[in-house]
Amino acid sequence: MEQRPETKKKPRGKARVIEGKCIACGARCQMSCPVDAIEMNEKEEPIILEDKCIGCKKCVKQCPVGAIEIFFTPEEEALLKEIGAEGGAAEEAEAEEDEAGEDGAESNIALWSGVWVYVEQFEGKVHVVSWELLGKGRILADDLGVELAAFVLGDNIKHLADEAFAHGADKVYVMESALLKHYRTNSYLHGTVGLVNKYKPEIVLMGATGLGRDLAGAVATDLKTGLTADCTQLNIDKKMRILEQTRPAFGGNIMATILTETRRPQMASVRPHVMPMPEFNADKKGELIEEPFTLSEEQIPSKVVEIIKAAQETSVNISGASILVSGGRGMQTKENFARLQEFADQIGGVVAGSRCAFDEGWIEHPRQVGQTGKTVHPKLYIACGISGAIQHLVGMQDADHIIAINSDKTAPIFEVAHLGIVGDVMEIIPALSDKLKQTNAKPVE
Ligand SMILES: Cc1cc2nc3c(=O)[nH]c(=O)nc-3n(C[C@H](O)[C@H](O)[C@H](O)COP(=O)(O)OP(=O)(O)OC[C@H]3O[C@@H](n4cnc5c(N)ncnc54)[C@H](O)[C@@H]3O)c2cc1C
């Protein structure tokens, strides 16, 4: 029988806490330990029981601030050196396997740093949501004390870097290629995943547009990380250095805050007009980093045969309007919406409505505000006969000024309103209209 050569087993070491680094995050390391080798002291910091620890590194990977490391005894170190000198691909493979974790997807989250925003462009024109996200990204990056970067893929798009700097980016990663002229999931996925794996940003934000939804889902799947779609708020928990991603859940009945605790990057998408536009500073400059696109046309399975632009979109754009006069079920009839239109024309506003108004056939869907409609951020939002259900509020609560007219003084809309009028909307709106006519007031330009 053939004698197998004796193999030396690579020592795994033991975990230990690096003094002064633990932030008492809530015993995540303890929960991750498969052999109960971690106890917590009165300060909620871990004590590692050396005799029980098997050096599996799970706590090391779980720790959000890199406060746990693996150490070796001098004998183990000598053995490691010996094995290292003997070399061998098998050892390297084992080391890689250890690093990757059991499912091959876990990563050392302490290595990931920076906030990235995807700059979505079509024929060189940037979607406004990208600049809005740079505004939010600036706040998140400042809270973390890290860089804010934008990344853009396409053909002939290098000039967009200056716009990204002016909207707050410190760095812009540009991937230019004729093969990226038109969006295709496979090619943009390949480019984005390549950039993310190389530079390891801890947060990646994308617009919840048709394109952004497609790309974000594909990227998150490929990177085996979490993605929270359609966030309405993004904040940093400074103690844990983690992104709090808030969005409506369970049909909009609760606001859920979602964390991506053990994977990186933390990915979130946000709909257009949810976040305010940042200031534009044309003097702001930054660092431009160009990266090559490495696929050939033959390696991209989808082909763009023809681009057919959608027929003229409805002329109504409630998302960009600065004054919205919005009606709900309290308007009672379609005819009453004509009075709202008259009033809106007088003050230079646009008519919008709640989902009930849409369901009743009083407004078209592009005018619906809320979770299943549009998110709006006007200077003035006048809510007429709208109760203020959470699904409606998520679409309009960030308006600069909210005036609510409702006959029920307990209606939830008054909780977000800056000015509330309790009364019959069909008395108040015509009265306001008449007053404006008498004073010959002109609409806001
Ligand atoms: C998954 C899901 C998604 C949804 N998405 C959306 C969405 O995108 N947008 C949306 O709006 N809703 C959405 N909804 C529906 C939402 O839950 C509410 O049902 C809806 O917003 C209520 O519309 P409303 O305020 O017009 O009607 P109501 O809730 O019926 O309120 C009518 C209000 O008018 C007041 N009123 C009545 N008569 C008068 C009067 N004469 N003068 C003054 N006030 C008067 C009443 O006091 C009442 O407060 C969604 C629901 C679900 C489950």
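Glutamate 44 counts as partly exposed, at 42% relative accessibility; here buried means under 20% relative accessible area, exposed over 50%, and partly exposed in between, with a 1.4 Å probe and protein chains only. Glutamate 44 sits in the loop between strand 2 and strand 3 (46–48). Helices (H or I, at least four residues) and strands (E, at least two) are DSSP runs, numbered from the N terminus. The phi of glutamate 44 is positive, about 65°, although this residue is not a glycine.

The model is a predicted one, in which local features need pLDDT of at least 70 and side-chain atom pairs count only at pLDDT 80 or more, while totals for chains, interfaces and linings use all residues. Residues are numbered from 1 along each chain as its sequence is written, and side-chain values use heavy atoms, with hydrogens and water left out.

**Backbone geometry**

Most residues other than glycine have a negative phi, and most peptide bonds are trans. Aspartate 36 also has a positive phi, near 55°, and is not a glycine. Aspartate 36 is found in the loop between helix 1 (28–32) and strand 2 (38–40), and is exposed, with a relative accessible area of 56%. A cis peptide bond, with omega about 0°, joins arginine 264 and proline 265. Proline 265 belongs to the loop between strand 14 (254–258) and strand 15 (266–270).

**Chain overview and confidence**

The chain has 445 residues, of which 46% count as buried. Its secondary structure comes to 13 helices and 21 strands. Along the principal axes, the C-alpha atoms fill a box of roughly 105 × 55 × 50 Å. Among contacts (heavy atoms within 4.5 Å) between residues at least 6 apart in sequence, 65% join residues at least 24 apart.

The mean pLDDT, the predictor's confidence in each residue from 0 to 100, is 89 for the chain, and 91% of the residues reach 70 or more. Over residues 87–106 the pLDDT is below 50, and this stretch has 23 contacts in the model beyond near neighbours in sequence.

**Helix packing**

Two packed helices are described by the angle between their axes and the distance between the axes. Axes are lines fitted to C-alpha atoms, for helices over the stretch in contact, and angles run from 0 to 180 degrees between N-to-C directions. A crossing is left-handed if the near helix is turned anticlockwise from the far one by less than a right angle, and right-handed if clockwise.

| Helix pair | Angle | Axis distance | Handedness |
|---|---|---|---|
| Helix 7 (185–199) and helix 8 (210–223) | about 55° | 9 Å | right-handed |
| Helix 9 (334–347) and helix 13 (425–439) | about 35° | 10 Å | left-handed |

Helix 7 and helix 8 pack at an angle of about 55°. Helix 7 is therefore oblique to helix 8, given that angles under 35 degrees count as roughly parallel, over 145 as roughly antiparallel, 65 to 115 as roughly perpendicular and the rest as oblique. The contact involves, among others, Tyr188, Leu189 and Val193 of helix 7 and Leu215, Ala218 and Val219 of helix 8. By class, this contact has 8 nonpolar, 3 polar and 2 charged residues; Ala, Val, Leu, Ile, Met, Phe, Trp, Tyr, Cys and Pro count as nonpolar, Asp, Glu, Lys and Arg as charged, and the others, Gly among them, as polar.

The crossing of helix 9 and helix 13 is left-handed. Residues making this contact include Arg339, Leu340 and Phe343 of helix 9 and Met426, Ile429 and Pro430 of helix 13. They divide into 8 nonpolar, 3 polar and 3 charged. Arginine 339 is partly exposed, with a relative accessible area of 28%. Leaving aside neighbours within four places in sequence, arginine 339 is in contact with Met426, Ile429 and Pro430. Arginine 339 and proline 430 are 91 residues apart along the chain, and their C-alpha atoms are separated by 7.1 Å.

**Two loop residues**

Methionine 277 lies in the loop between strand 15 and strand 16 (287–290) and is partly exposed, at 44% relative accessibility. Not counting residues up to four places away in sequence, methionine 277 touches Val128, Trp131, Glu132 and His167.

Threonine 372 is placed in the loop between helix 10 (355–359) and strand 19 (380–384), and its relative accessible area of 42% makes it partly exposed. With residues up to four places away in sequence not counted, threonine 372 touches Arg271, Arg355 and His365.
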